[in-house]
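Subject: Structure for you to look through

Dear colleague,

Here is the structure I promised to pass on to you, and below it you will find what came out of going through it. Please keep it open beside you while you read.

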Amino acid sequence: MKVSYFPGCTLKNKAVMLDEYARRSAEALGVTLEEIENWQCCGGVFTTSKDEVATKLSSVRALKDAALKGQPLVTVCSACHNVIKQTNYAMLTDPEFASKVNRYMAEEPYNGETQVLHYLELLRDTVGFDAVKEKVVNSLKGKKIAAYYGCLLLRPAGVMQMDDPENPRIMEDLIRALGAEPVVFANRNECCGGYVTVESPALAARKSADVADNAKAAGADMIITACPLCRYNLIKNGSELPVVYFTELLAEALGVKEDTNE
Amino acid sequence: MNNKEKLLKEEILRMSGVNPVKCMRCGKCSGTCPAYDEMEYHPHQFVSMVESGDIEPLLESKSLYRCLTCFACVDRCPRNVEPAKLVEAVRLLAVRKQGANHLKPEDVAAVLDDDTPQQLLVSAFRKYAK
Amino acid sequence: MQKITRDQLIEKAASLLGNGTVSCVLGWEKGEFDYDVTPALFETESELREKFVFGDFCGANLSKYLVSKTRKCEGRILVFLKPCDTYSFNQLLTEHRFDREKAYVVGIPCEGMADIERVKELCGDGISSVTADGDELVVTTLYDDEPVRVKAESVLAERCVNCKSKKHVAYDELIGEDGEVLSSARFDEVARLEAMTPDERFAFWQNELSKCIRCNACRNVCPACTCERCVFDNPSSGVENKAAANSFEEKMFHIIRAFHVAGRCTDCGECSRVCPQNIPLHLLNRKFIKDIDDFYGEYQAGAEVGSRAPLVNYTFDDLEPGEVFERGGQDA
Amino acid sequence: MQVKEYKPLIVAFCCNWCSYAGADLAGNNRLSYPADVKIIRVPCSCRVNPMFVLRAFQRGADGVIICGCHPGDCHYTSGNYYTRRRMALLFSMLDYLGIERDRTRLEWVSAAEGAKFAATMNDFVEKVTALGENKRLEDLRCKK
Amino acid sequence: MQRIGVFVCWCGSNIAATVDVKAVAEALKSEPGVVYSADYQYMCSQAGQDLIKEAVKEHNLTGIVVCSCSPRMHEATFRKTAAAAGLNPYMVEIANIREQCSWVHKDIPSGTEKAIILGKAAVAKVNLNTPLTPGESPVTKRALVIGGGIAGIQTALDIADAGFPVDIVEKNPTIGGKMAQLDKTFPTLDCAACILTPKMVDVAQNDKIRIFSYSEVSEIKGFVGNFDVTIRKKARYVKEDVCTGCGLCVEKCPQKKIPNEFNLGMDNRSAIYIPFAQAVPKVATIDAEACTMLKKGKCGLCSKVCTAGAIDYKQQDELISEKYGAIVVATGFNPISMEKFDEYAYSQSKDVITSLEFERLTNAAGPTAGKLLRPSDLKHPHTIVFVQCVGSRCASCAEKGKEYCSKICCMYTAKHAMLTRDKYPDTDVYVFYIDVRTPGKNFDEFYRRAVEEYGVHYIKGMVGKVTPEGDKLKVRASDLLNNKQLNIDADLVVLAAAIEPDKSARPLATMLTASMDTNDFFTEAHPKLRPVESPTAGVFLSGACQGPKDIPETVSQAGAAASKVIGLLAKDKLTGNPCVASSDELMCNGCSSCERVCPYGAISYIDKEFRMPDRTVAIRRVASVNPAVCQGCGACTVACPSGAMDLRGFASGQIMAEVDAICK
């Protein structure tokens, strides 16, 4: 099947492998990620203020592009997902906002028709973890992996609707499907410090340490994440555990991690 | 509340869509806030200060730039008050003033390293600058 | 132009009669002209082949006839229902007006039915025959030598222009594909009236309702008006009357009738279809539907069996009648 | 020609448990309101059939008011909630037909609200008087 | 045609000062049906009543109109007068010409005119009155109590004490309910078992009370005074009347790894079990889902060791039908699931527990034999954090938790904190609260003692996150008064989970046609004046099924419900209000509109044969009103589209006649 795909700025740059592993794994699972043409950066964070219109236009354009193709829009980066999903929710539920936005849209108006899926949701709901499990060639048996959700994937829960915001299991189920053992730790849904690392590196350092230490104390030997900024903050602030993208783990298990083109 | 305070309050409520009177003063937002110690005014104070029109001190405060927008306060609030949206509205009001950008391109060099993801910079600019 | 044909329906009916699934068939029968089709009960295949019709004038909603026919007919009755008819069917089931087991519903698609009044507007009086040809209707009149051709689309009944649903909400089997619930502009006309001044509204309704001749056609065709005995026929109800003697009674009859079906009316539009005076009676029912949607949340009568009609329901924070007026419209 | 002062005819339906008692209390406290108001006692406001309202107009009433217990206080727990829906729809329909809004009203009056009863009736009579005779919804045969 | 007498009262000068009573009497004389008209100074006096009685006899009156004070004042009086004169009491109508006429209008002409109109309306109504006789129905002198917690126990004991037989239906193997699981009770700190178990024994020994334990109500038919109830007695695979409760089977049962519900899963029980030592009835029950014999047909050890021969693996569910005059609902409450509040890490750490689990941890009969040890490692906790209002007082739009205050948490938490500090003074105890709500006798004093004498740290603020790390629970919370965020390394976190009605309440309410609020608490007939009665006649409410309640309140409500039941059962016959709805079968469509608006469940449907005009016979569904249950509100009369439903005493025709008379 084909889905629209919004990679986002970081996946074209510092997190190239998050993108690359996502594409390879998708192919291996029979899903084609069709990159939206001429996409623009989502802006990294969703501005909750109702009078912010311009900052949300890039997301709406991507959403509309997918709508015209009648495809769901898939994202991998937690930040892109959060921004696009929240924007779509506003388009769907706030007619006043939608009409303001639609003044900037050519031709047909857009009113939140597109289904926004995170890559993890694609795996869970469209492909199915059982199907993923069947495609595993390198079982990750024996690995104890802590899934770090951060804040962007789950919250606000009423909008994101991905999983229980306090007790999520989507990544744990993926880890299980790949043959490894998930390690649940309480701070998996706490913030790493995010963009405040620019303003207060000390705060980000403390928050990242809270996460990494808690994962280690819970007995994990690796942390996975979907967010480039989370990964950066955790590594920069001295995580003792390796921090990798979940797509890397997936690609490894599916046997498509090493580039076979060469 | 004097007239100016009233107008400011109305603007904040309109931008944020938050209704602070729903707050029952339980303090769970501040109990869960990961940036609490960095803030001069805490999430629950944003709610009660906006409600009482006491917005000027908030506009001046560094607290505006320490909120992580992690939505922990939003999701865990038992009354659905959404304090983070208030913080965001006040911050926008502050940075939208001419020349009030909190982050300038020249500040960036200091925080850059080889691994800095683009996401960090675009987010920070969106949050701190207009 | 309908996508399914008379022959298809007859084949279906004949096979169900033949294998004993049903013992009679509720369908449409041709009247004096092509366009005055009436509901009829058929018991044999030969009757069907002789008299059964299906086409652009089969607007009649057959669900109401099940109330009386199921009492008389042994065995199951095959009934052909268009999407909008199935809502009435469900509503009648909700009200326990007949036994579901006694009906065998064949859902048929509907491309919208023609309104003979609109044909007359285009072709004049004296119409002797109307037949379908592709997406056109061929109209023969007494006065023209050549038949006149009109686009079927241009003579659709108002209720079909504003079709609310192409989806069958009840059936035992379907012929053709099922459609979707549509978002129609059916409340626009009500909104237009609401936007008038009270004087204009009064004048509008005074003019419309004064045409009423109390023929009771609207009541007799209405699938929600299946009362064993209508209050207007009952001397002890205090409102009995057979003929409206003045403007009050014209209004009284139609207000009470609309109120009695409020929350139960599926907006099938039969009342307006049969009104010989062409009074837009559906605008009364739609006012109630629109109010109900606005005040108490959207409710489509008949969308599901067993749903609780808005007038036999409440919430603690329903609107007050006074607040209703504050919400909009002009005062007297 | 001598012009007779216009006196409207008001029919008030009052539920036995709250509003009728409220009207009694207005009497006990000697709170006056126009004699144009004639009260009909019903067990609950939900006993009021829209047909009664129309009948009153037919026979020449200039205004009809229905009074019941406050929502949540119904003696029969839920009767007034049904009244509220029925009358909201009925009044809206009358308005749709161009009948003046101020001729109909639904008011919640508790047994303790004698003052509210009198004030409501004064206000209602005043509004109906301002509208004058009911011409839009009447049965001419019933007019003298 | 009626023969109506009109009696106009002066009420001294109360009426006569503003209304020309003679003119009223005169004017009404010519109304249709009126054959006699008189006025008198005080109609309600003995002389006035005699005047009426004589006129009835002398003029053969069939109906009476009294123009006087409000019917709320003297309707009953004049009805009695009419009855004494041999008339049906419902042939009397009152025209209220005092409260609603003479007292509110100042001038005589308009007062008189209005009094005449009100009189005419009353005459018009009486013309259509028909004699009404209140229905009578017998009362089955037995009560059913659903739920065997403290509410049900107290209600049953009080009813039995008055001499009426009572049955208790309890879904668990033993009565006792939540109170049996508690350790001490606030504010006096008596041990729950010490005050509850004697009552349980009283129940067992009372020959008026039968206990159907491990049973559920499966069907309820009938109405006040005459309920037909079917009780499903679930198979417990042990003959109740044979088992001696010796416990040998429990000891020998090889399947011992079943989570013990009584201790909320904090320890295990065997497949055959007696929930706790003081259980009533003290008989073993086999958990069919855990028993090897029942699942695989192998084992049978309990049967072998049972000297009484009580084990019966072939036992089946048994249906018992019984008649009752009254039903008391006492289905109680449960703490809500903590699933949606995992910021407190309930699912992640064994050391995050609910308050009810804490009760078991401190109970001498609990999993730790009363020693306060934390579940994960059985070590003594040195820092305990109590969190209040978990799931209570949540906005409905937050989509988790309950909107209401659970009421009991403030007090039991004060109790827990106090007892902990009392037994283990080396323990630091924190209580995070939003408000401390202690309205109750000696309640606030109790809470203050926890703070002042026992040094419990009460902190106004809320816990935001609990992070298990190592053997600690890192608690992040706000301290609003000090404007600080606290980070506490706790050993044990106790959540005061909101309480909700038991899940069995909703289906039961449907069977009873008793109404419930959006939270599934049973609705009372009147929130102030009839707090222990359900709007459905003959159904009474006891305990937390009606709303959150502590033990003292529950017991008082239980007693109140019992007294209502006793009042009902003490009657031989129930006399109804004759002003009830009735349906004309010929006009009824059977559409269910009336049934849906009836707050009392008084309307049911029957299939009836009708001869049609064309001489065929049709079977139609028609409404039938139970006059013993109908309270006469009239909601159904308006819901009925065909006008088949009418209300006696306030018939549509009568009200229309009044309208006509007024508008004439």
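Before we come to the chains, one term is needed: the bounds of a domain, as the word is used here, come from an automatic or database domain assignment. Please also keep in mind throughout that this is a predicted model.

With that term in hand, chain C is divided into three parts, namely domain 1 (6-113 + 162-174), domain 2 (117-151) and domain 3 (188-326). The C-alpha centres of domain 1 of chain C and domain 2 of chain C are 27 Å apart, and where these two domains meet, five residues of domain 1 of chain C are in contact with six residues of domain 2 of chain C. The side of domain 1 of chain C that touches domain 2 of chain C is made up of two nonpolar residues, one polar residue and two charged residues.

Chain A has an assignment of its own, which gives domain 1 (2-120) and domain 2 (129-254), and the C-alpha centres of these two domains of chain A lie 22 Å apart. Their contact takes 23 residues from domain 1 of chain A and 22 residues from domain 2 of chain A. On the side of domain 1 of chain A that touches domain 2 of chain A, helix H1 (16-28) and helix H3 (78-93) of chain A each supply at least two residues, and by class that side divides into 13 nonpolar, seven polar and three charged residues.

Chain A also touches a neighbour, with 37 residues of chain A in contact with 33 residues of chain B. To the side of chain A that touches chain B, helix H9 (201-217) and helix H10 (228-236) of chain A each supply at least two residues, and the largest share, three residues, comes from H10(A). Sorted by class, this side of chain A has 18 nonpolar, 12 polar and seven charged residues.

Let us turn now to chain E, which contains 18 helices and 34 strands. Its radius of gyration is 33 Å, well over the 26 Å that the globule rule gives for 664 residues, and therefore chain E is more spread out than a compact globule. The C-alpha trace of chain E spans about 95 × 65 × 50 Å along its principal axes, and 55% of the 664 residues of chain E count as buried.

Two sheets of chain E deserve a look in the viewer. One is an open sheet of five strands with parallel pairing, in the order S20-S27-S21-S22-S23 (chain E), and its edge strands, each pairing on one side only, are strand S20 (352-354) and strand S23 (457-460) of chain E. Within this sheet, strand S21 (residues 383-390) of chain E and strand S27 (residues 492-497) of chain E pair in the parallel sense over five bridges, and Val385(E) has Val493(E), in S27(E), as its bridge partner.

The other is an open sheet of three strands, ordered S24-S25-S26 (chain E), in which the pairing is antiparallel. Its edge strands are strand S24 (463-469) and strand S26 (484-490) of chain E, and the twist averages 20° from one strand to the next. Strand S25 (residues 472-479) of chain E is joined to S26(E) by seven bridges, and the partner of Arg476(E) in S26(E) is Asn487(E).

With best wishes

Methods: Residues numbered from 1 in each chain as written. Chains lettered and ligands numbered in written order. Predicted model: local features only at pLDDT ≥ 70, side-chain atom pairs only at ≥ 80, totals over all residues. Contact = placed C-beta atoms within 7 Å. Helix = DSSP H or I, 4+ residues; strand = E, 2+ residues; numbered from the N terminus. Nonpolar A, V, L, I, M, F, W, Y, C, P; charged D, E, K, R; others polar. Pairing = 2+ DSSP bridges. Rg over C-alpha atoms; globule rule 2.2 N^0.38 Å. Buried ≥ 20, exposed ≤ 12 C-beta atoms within 10 Å, placed from the backbone. Axes fitted to C-alpha atoms, helices over the stretch in contact; angles between N-to-C directions.
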